[in-house]
Amino acid sequence: MPNEQKRSPYNDGDRRYRLKLWEIVEFLICPVVGQCLTVDEQRQVLKRTKYQVKKLSRHELHEILVSCAHEKNHLSSRVDALLNRKFGGKSDPLLRLDADAFMIRFRADFKAGEYHAALWAGAVHPCLPLESRQEIFGEIHMAMHFNGDERTKLIRKLGALEKKIDDMQTRKREAVGQRRVLQKENTILKRTVAGQEAKIAAAEREKEQLTSDLSKVRKETLDSRIQQNLTLKKHVESLHRELAEIRRRETALKEENTSLAMELAQQREAAHLFRREARDVITKMTKLSACSPACPAFDLCKKRVLIVGGISRMESLYRELIESSNGIFEYHDGHIKNGIKKLESRLKRADVVLCPVNCNSHGACSVVKNLAKKHRKTVHMLSNYSLNTVSGVLHGGNTVRASLN
């Protein structure tokens, strides 16, 4: 950070004028360009000065505007005019304030989150001392760090949600297994009921036949026939009771099956809600990411990140995590039975290589290390495949940044 302000072409006591963009202190140029101009506005002003902006990243747009703002030129004049049109109406009254009154107003606007006009006014104020400009820069700089802390909290919350989703999926698989067992048992009981009903029908036919025989055979002992008939009645009653018990069990199984089906539907809905909540957390993390030199994710901009192995069903979550940090995601499942050409090709063009050791074979890990050594690439061997571990390596501080560069 420079220790001296650029010299103003105006008298310190003359408040009728403002500084131009190329006349403000150097350490405020980057925050002014990054905070006071949207990405669309940056693209538009470069396009009007004949820059080819279609393939430029946000970081490249920012760098061009910052580098041109140190001296008066066609581009810096357009940017200065755009900022004055955008914030002139709000910043002109602030330029009439002295240093103390201005800083009171800036602190209030910053606390309310509506500080962009005040930031522009503080940068172009002709009479504001260096200490006040340094305080403005410090507030903006620390706000960026706060966004990084909030992003870390959201990553931790995402890890907890992923564990809950895994637990719900395990319970879902168990419930599906129980339901299949009950369906098989229900099928067997239906067959048993059909068999019993056939037996009852046969018994009824036998009873009718015996009644007919009783009328025909008059000479046999009446007591003997009556006794035989009573025995058959008892047998029929026993079969009826057995059938009633089977039907009761069938009804109970149907009710249990219905209850399990409802529970399974609730578990599916809960799993869907947990997954949607996880994606909402990633979206919030994306919004908190800021592409500026003070941002913890700055060095990931347009870095090509290759993950070897991991869990295939988490590929989409890996992709969202890396692309939300403005990186380029590539994935290899770690299987090398069909040769290592695809793995070597992806590793050669990668900027960062991550290899979870708990879901890759020893041979696959050795191949990754050898290829990295061959092509002079840095490989991070991760203890596990979780999103929290991957994010910790990509956004873990100065040590991680050194390995990414």
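Modeller: Let's start with Asn326, found in the loop between H9 and E2. Those labels are DSSP runs numbered from the N terminus: helices (H or I) have at least four residues, strands (E) at least two. This is a predicted model, where local features need pLDDT of at least 70, side-chain atom pairs count only at pLDDT 80 or more, and totals for chains, interfaces and linings use all residues. Residues are numbered from 1 along each chain as its sequence is written, and side-chain values use heavy atoms, with hydrogens and water left out.

Colleague: Okay, what is the phi of Asn326?

Modeller: Most residues other than glycine have a negative phi. Asn326 isn't a glycine, yet its phi is positive, about 70°. Lys50 does that too: not a glycine, with a positive phi of about 70°. You'll find Lys50 in the loop between helix H2 (39-48) and helix H3 (58-68).

Colleague: Is Asn326 buried or exposed? And Lys50, buried or exposed?

Modeller: Buried means under 20% relative accessible area, exposed over 50%, and partly exposed in between (1.4 Å probe, protein chains only). Asn326 has 18% relative accessibility, so it counts as buried. Lys50 has a relative accessible area of 73%, so it is exposed.

Colleague: On to the sheet. In what order do the strands come?

Modeller: Strands of a sheet pair through backbone hydrogen bonds, either parallel or antiparallel. Here 4 strands make an open sheet, ordered E2-E1-E3-E4, with parallel pairing; two strands pair if DSSP finds at least two bridges between them. At the edges are strand E2 (328-332) and strand E4 (379-382), each pairing on one side only. From one strand to the next, the twist averages 20°.

Colleague: How many bridges join E1 to E2? And how many join E1 to E3?

Modeller: E1 and E2 share 5 bridges, while 3 bridges join strand E1 (residues 304-308) to strand E3 (residues 352-356). Look at Leu306: its bridge partner in E2 is Glu330, and in E3 it stands opposite Val353. Val305 faces Val352 in E3. E1 is mostly covered, with 4 of its 5 residues buried.

Colleague: Which helices lie across these strands?

Modeller: Helix H9 (residues 315-324) lies across E1 and E2, at about 155° to E2. Helix H11 (residues 362-374) lies across E1, E3 and E4, at about 160° to E4. Contact means heavy atoms within 4.5 Å. Axes are lines fitted to C-alpha atoms, for helices over the stretch in contact, and angles run from 0 to 180 degrees between N-to-C directions. E1, H9 and E2 also make a right-handed β-α-β unit: with the strands pointing away from you, the path from the first strand over the helix to the second runs clockwise.

Colleague: Last one: how many cavities of 30 Å³ or more does the structure hold?

Modeller: There are 2. A cavity is a set of points, on a 1 Å grid over the protein atoms alone, where a 1.4 Å probe fits but cannot get out; lining residues have an atom within 4 Å of a point. Points are joined across faces, edges and corners, and a volume is the space filled by probe spheres set on them. The second largest cavity holds about 50 Å³. Its lining includes Ala203, Glu206, Leu232 and His235. Helix H7 (130-216) and helix H8 (222-288) each supply at least two lining residues there, and H8 gives the most, 4 residues.

How values were computed
On a 1 Å grid over the protein atoms alone, a cavity is a set of points where a 1.4 Å probe fits but cannot get out, and a pocket is an open set with protein on both sides within 12 Å along at least five of seven lines; lining residues have an atom within 4 Å of a point.
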